[in-house]
Amino acid sequence: MRGQMKAMARPFGTLFLIALAVALVGRVGLAVMDATGTLSYDYISAADVPILDVVCSILTGSALVAFMYAASLAMAVSTAGVALYGFLVWRGEGVSARPATAFLWGWATALVAIACLLVTVSGILSAVQVASMSSKLPGTAVLVVALVGFAAFLGTLLGAASMTVSACLARKRPGRALVVATLGCGLVVMVLTVGTFAAINTASINLAAVGGWFAADLAVNLIILFAANALAKKATASKPAG
């Protein structure tokens with residue numbers, strides 16, 4: 001029993017450090033959003049109400065709890081997809097880390113996560129609530145384009161995360177590499193997330209500004225994806241044969 005606990009201490013310690021790193025990065029992002037006024041606390045009495053606050057204002061009580069479950073499900077699927085990709089590459093057996101497979105499986109994971117979110121949310125809101133939200137949202141064509149763009153953003157993000165995990169697992173000290181990568185890449189993603197959210201959560205959305213942020217998101221995700229691929233190849237090449 002004692003030996004098993006000792007053997008599991010390092011992997012679980014790494015997991016806990018990664019979780020704390022994500023929490024720290026998220027807290028920094030929230031502090032920035034608070035300081036810049038992106039977060040709204042008294043949106044009901046505000047004159048110019050950000051669109052997301054209008055939409056989410058109906059999520060109260062049990063509906064809020066149910067939506068938290070739906071969001072957690074989507075997040076769990078996304079995280080599990082990245083972890084599974086890293087595990088399969090680490091295990092080997094004919095599977096290797098490649099940008100194309102990382103993106104495709106990341107995109108597929110994003111679609112499944114969004115599907116889980118939509119299926120669950122469809123049972124949370126009443127017809128009156130859906131109608132209320134629909135009146136505040138843009139047309140169907142814009143929503144479809146937004147959904148495709150969001151899936152592309154998540155796909156490249158999960159692909160970049162998958163390649164980063166694979167690159168870390170190929171190093172001599174994967175646990176330390178994972179924690180450092182979480183902090184480093186997490187800070188970059190946090191800045192982009194705050195900027196994108198601020199562009200969307202306005203009383204009148206500027207499509208050019210939102211498109212610019214999404215383009216920046218995609219570009220940075222692809223940079224991380226290919227940079228992690230280069231590091232993974234370098235780490236694999238430096239390992240002794242046999």
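These notebook entries record what I looked up in the structure above.

**Entry 1: the model and its conventions**

I note that this is a predicted model, in which local features need pLDDT of at least 70 and side-chain atom pairs count only at pLDDT 80 or more, whereas totals for chains, interfaces and linings use all residues. I number residues from 1 along each chain as its sequence is written, and side-chain values use heavy atoms, with hydrogens and water left out.

**Entry 2: the chain as a whole**

I looked up the secondary structure and found eight helices and zero strands. Helices (H or I, at least four residues) and strands (E, at least two) are DSSP runs, numbered from the N terminus. Along the sequence, the pattern reads α-α-α-α-α-α-α-α.

I then looked up burial. The chain has 242 residues, of which 31% count as buried. Buried means under 20% relative accessible area, exposed means over 50%, and partly exposed lies in between (1.4 Å probe, protein chains only).

**Entry 3: helix α6 against α7**

I recorded that α6 (residues 140-169) and α7 pack at an angle of about 155°, with their axes 8 Å apart. Axes are lines fitted to C-alpha atoms, for helices over the stretch in contact, and angles run from 0 to 180 degrees between N-to-C directions. The angle makes α6 roughly antiparallel to α7. Angles under 35 degrees count as roughly parallel, over 145 as roughly antiparallel, 65 to 115 as roughly perpendicular and the rest as oblique.

The crossing of α6 past α7 is right-handed. A crossing is right-handed if the near helix is turned clockwise from the far one by less than a right angle, and left-handed if anticlockwise. From α6, the contact takes in L157, T164, V165, C168 and L169; from α7, P174, A177, L178, A181, C185 and V189 take part. By class, this contact has 10 nonpolar, one polar and no charged residues. Ala, Val, Leu, Ile, Met, Phe, Trp, Tyr, Cys and Pro count as nonpolar, Asp, Glu, Lys and Arg as charged, and the others, Gly among them, as polar.

**Entry 4: two residues of α7**

I looked up C185, which is found in helix α7. C185 counts as partly exposed, because its relative accessibility is 26%. Leaving aside neighbours within four places in sequence, C185 is in contact with T164 and I224. The C-alpha atoms of C185 and T164 are separated by 9.0 Å, and the two residues are 21 apart along the chain.

I looked up V180 as well, and V180 lies in α7 (residues 174-200). Is V180 buried or exposed? V180 is exposed, because its relative accessible area is 53%. V180 and I18 are 162 residues apart along the chain, while their C-alpha atoms are separated by 8.7 Å.

**Entry 5: helix α6 against α3**

I found that the axes of α3 (residues 61-91) and α6 come within 9 Å and cross at roughly 40°. This crossing is right-handed. S78, V82, Y85, G86, V89 and W90 of α3 make the contact with L158, A161, S162, M163, V165, S166 and L169 of α6. These residues divide into nine nonpolar, four polar and no charged.

**Entry 6: helix α6 against α4**

I recorded that the axes of α4 and α6 come within 7 Å and cross at roughly 130°. The two helices are therefore oblique to each other. α4 passes α6 in a right-handed crossing. Residues of α4 including F103, W107 and T109 meet residues of α6 including F150, L158 and S162. The contact has 13 nonpolar, six polar and no charged residues.

I looked up S162 in helix α6. S162 counts as buried, because its relative accessibility is 4%. Not counting residues up to four places away in sequence, S162 touches V82, Y85 and A102.

Last, I looked up T109, found in α4 (residues 99-121). T109 is buried, with a relative accessible area of 16%. With residues up to four places away in sequence not counted, T109 touches V77, S78, G81 and L158.

Notes:
Contact = heavy atoms within 4.5 Å.
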